[in-house]
2 protein chains.
Amino acid sequence: MPEQSPLDLAEGDPFGPHNLPYGVFSTASEPERRRLGVRIGDHVLDAGAAAHALGSPYAALLAQPSLNPLLAAGRTAWRDVRRALTAWVTVPAHRPDIEPLLHPLAEVTLHLPYEVADYVDFYASEHHATNVGRIFRPDGEPLTPNWKHLPIGYHGRSGTVVVSGTEVTRPSGQRKPPAEPTPVFGPSIKLDIEAEVGFLVGTPSTLGTPVPLADFRDHVFGLFLLNDWSARDIQAWEYVPLGPFLGKSFATSVSAWVTPLEALDAARTAPPARDFPLLPYLDDSAEDEPGGFDLHITVAINGETVAEPPFSTMYWTAAQQLAHMTVNGASLRTGDLFGSGTVSGPETHQRGSLLELTWNGQEPIELTTGKRAFLEDGDEVTFTAWAPGPDGVKVALGEVTGRITPTH
Amino acid sequence: MPEQSPLDLAEGDPFGPHNLPYGVFSTASEPERRRLGVRIGDHVLDAGAAAHALGSPYAALLAQPSLNPLLAAGRTAWRDVRRALTAWVTVPAHRPDIEPLLHPLAEVTLHLPYEVADYVDFYASEHHATNVGRIFRPDGEPLTPNWKHLPIGYHGRSGTVVVSGTEVTRPSGQRKPPAEPTPVFGPSIKLDIEAEVGFLVGTPSTLGTPVPLADFRDHVFGLFLLNDWSARDIQAWEYVPLGPFLGKSFATSVSAWVTPLEALDAARTAPPARDFPLLPYLDDSAEDEPGGFDLHITVAINGETVAEPPFSTMYWTAAQQLAHMTVNGASLRTGDLFGSGTVSGPETHQRGSLLELTWNGQEPIELTTGKRAFLEDGDEVTFTAWAPGPDGVKVALGEVTGRITPTH
């Protein structure tokens, strides 16, 4: 019986040729050599070597240690490269060239696949923002007056964006116990997760010129799962009046795999009905394509599912976030990324943070490894997701995972 | 009579050999070739060419189109390079080699001299924060409870940091007139300045490991004037609860010249007395070197002085800001910059923003070009500064200037 080809995937494999996310890998024999790769099943195809072997005009663009040159090449190149990759992994005549260039995932190291330019994080789930408002401002309106008029966001720290699998050191900082007159210092006692979707900008824009809703796909290359680790005790003490800073800046984990938007065409979905008319630059009611993505996220701690946040419930879309972020003339750079904000649905089990799942620690969740109000050292948090793909096949997003280690 | 050498400066020239700020320039004959330069008087020395001509071991580091390699080389290299430069511009025997490598400032183009990694902005003037609190929260305490316990800061947009001289397009955005039920959209009607000092990180740090107060000079290469342009109407509507975003992200102007910390040794000064004991990681009472800098800033609009903010009055020092920014384990990268926050002194004419100078537009200032509540299209804003140098000579900082152009 002949050996099975890595290209002979099980029917419905969510990392089949309809998916083809991009990453950057190295092998044990050449650990210093980073290469652009494309995931197919449980293997990664050396994209630069494949392009060279098959005489692709994009060989130089793919023989790079980072996604950035491909990101900067623009939407036509993204489409052409994806078409070529699809052919390489599906046309039987290419197998002799392609099969030797496939590496089992278990045998490679995955790296941060792009150089991060600016990192912006939004706050786009109405359910999340409402829960947070109820927890922190129990006597006031849960949503601030601006919330339904603009996608609230802020800049995060680009230099501490780390690839999935990187250990996360518990941050220390100031917190103010309610009963104390002054703050105390120490390792965070309310270390939390935020289940988010990140969007990666490829094509830059010009300073002074906004990017309209309709140009979203000309600028955004793809999306990925993101964990916006949050120290709630540090954040609560510092964030008035200028927003989150050290409560967030110690680490943001991103998946090693970027899913191109084209793989998610069947997952586009309309966002929830809007409660207020939007200003023209945010009004997506006449756009050709629905602004949402029907992504089904699973949050697991030490392998146990604790939440299943539905991305389709997000009030603000990524296209609206991009239009808002640039409406003041701020320019985009290749490698800019922006996070959706915590994804929380209307149901209790759909909440994308422990802050919400345990109601600020008051109602701990039960795991086989013990009760959790917030994260303990050694806890490993993993987000996975799938979306509807073509012909009823699922498209999986690459996981994002990270384990908490004690403060140094 | 022999031609005057550009190195024969007037006595007390604040850009003399005791100063030697770094920049990046190009010439009209080779506009695409960016070169590292050092300012001396009204000339810029081609530092790479000088190092090559004089056989310096740092020739490769200085023959670069950006300051980043020098920044990354660390404190010993910074000291050695500065010593060499000082010798090249002062020792008469070097004149035949050096003089041909001096370009009149009027004949070169200055560029952003480094690649910005992360940009953080602080809020470190007690006078500024108190004024802002009184204007926006007239019924509450002007300072939030955390203000004297930690240096409040937030991340800004790195991709829109522009070099002095770059025109600034008036941003559009949402603002909420008090009498209206919903926001309106349009060009900002409260475009403002913030007179700040920026600090430039050279030596990176390790993720998970804080940078203590005492290591400030191992990581920070120099400082420069910075204008944190602010659209007050956009900012006021958006900033609760996650802080400033589009009210700031359209542009941040920085001087083309970075002054090395060593040029400011005579300007070190103790910060104001602290009203509360500080947590150990912020307590600078036992540091060898005083944490402040005695910088005298002048703010001019269309050439008329409107304010003279004294940097010596800042409550939080740059070393405290660096220690705070990293105490949660966040790492530093070469090219990180952080702004002090608006510099305002206790006196009315020492306020570093129009928000304060005109009390949110209620008390316009009088210029020969007319009254100003906030900036008008065509206005040009320039910050200059000097500090005490060795032997009573002044050290000038490179100016930062920018002109407002109408919304596109």
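This is a predicted model: local features need pLDDT of at least 70, side-chain atom pairs count only at pLDDT 80 or more; totals for chains, interfaces and linings use all residues.

Colleague: Start with the interface. How many residues of chain B are in contact with chain A?

Modeller: 57 residues of chain B contact 57 residues of chain A. The area buried between the two chains is about 5,200 Å². Carbon and sulfur atoms give 63% of that area.

Colleague: Which residues in chain B lose the most area to chain A?

Modeller: Arg157(B), Leu242(B) and Phe245(B). Together they make up 16% of what that side buries.

Colleague: Which element gives the largest share of the chain B side?

Modeller: E7(B), with four residues. Elements that give two or more residues there include strand E6 (119-122), strand E10 (172-175) and helix H9 (318-326) of chain B.

Colleague: Now salt bridges overall. How many over all chains?

Modeller: A search of the whole structure finds 45. One of them joins the side chains of Arg35(B) and Asp46(B), at 2.8 Å from N to O. Arg35(B) is in strand E2 and Asp46(B) in strand E3 of chain B, so the pair ties together parts 11 residues apart in sequence.

Colleague: Is Arg35(B) buried or exposed?

Modeller: Buried, because its relative accessible area is 9%, under the 20% cut-off. Asp46(B) is buried too, at 4%.

Colleague: Which residue forms a salt bridge with Arg217(B)?

Modeller: Asp265(B), with the closest N and O atoms 2.9 Å apart. This pair links distant parts of the chain, 48 residues apart. Arg217(B) sits in helix H7 (residues 216-219) of chain B, and Asp265(B) in the loop between strands E17 and E18. Arg217(B) is buried at 12%. Asp265(B) is partly exposed at 42%.

Colleague: What about Arg274(B) and Asp284(B)? How far apart are the closest N and O atoms?

Modeller: 3.6 Å, and the pair forms a salt bridge. Each residue lies in the loop between E18 and E19 of chain B, so the pair ties together parts 10 residues apart in sequence. Arg274(B) counts as partly exposed at 22%, while Asp284(B) counts as buried at 16%.

Colleague: Which residues do shared partners join into one network?

Modeller: Asp192(A), Glu194(A), Asp228(A), Arg232(A) and Lys248(A), through their salt bridges.

Colleague: Switching topic. What does the side chain of Ser344(A) reach?

Modeller: The backbone nitrogen of Gly352(A), at 3.0 Å. Ser344(A) lies in the loop between strand E22 and helix H10 of chain A. Ser344(A) is buried, with a relative accessible area of 0%. Residues it touches include His127(A), His128(A) and Glu356(A).

Colleague: Last one, H4(B). How many residues, and what is its reach?

Modeller: Helix H4 of chain B has 16 residues and reaches 23 Å from first C-alpha to last. That is close to the 22 Å expected at 1.5 Å a residue. Its buried residues include Trp78(B), Leu85(B) and Trp88(B).

Technical notes:
Residues are numbered from 1 along each chain as its sequence is written. Chains are lettered from A and ligands numbered from 1 in the order in which they are written. Side-chain values use heavy atoms; hydrogens and water are left out. The expected span of a helix is 1.5 Å times one less than its number of residues. Buried means under 20% relative accessible area, exposed over 50%, partly exposed in between (1.4 Å probe, protein chains only). A polar contact is a pair of N or O atoms within 3.5 Å; within protein, one must be able to donate a hydrogen and the other to accept it, and residues adjacent in sequence count only if both atoms are side-chain atoms. Contact means heavy atoms within 4.5 Å. Buried area is the accessible area (1.4 Å probe) that two parts lose on being put together, summed over both. A salt bridge is a side-chain nitrogen of Lys or Arg within 4 Å of a carboxyl oxygen of Asp or Glu. Lists of a residue's contacts leave out its neighbours within four places in sequence.
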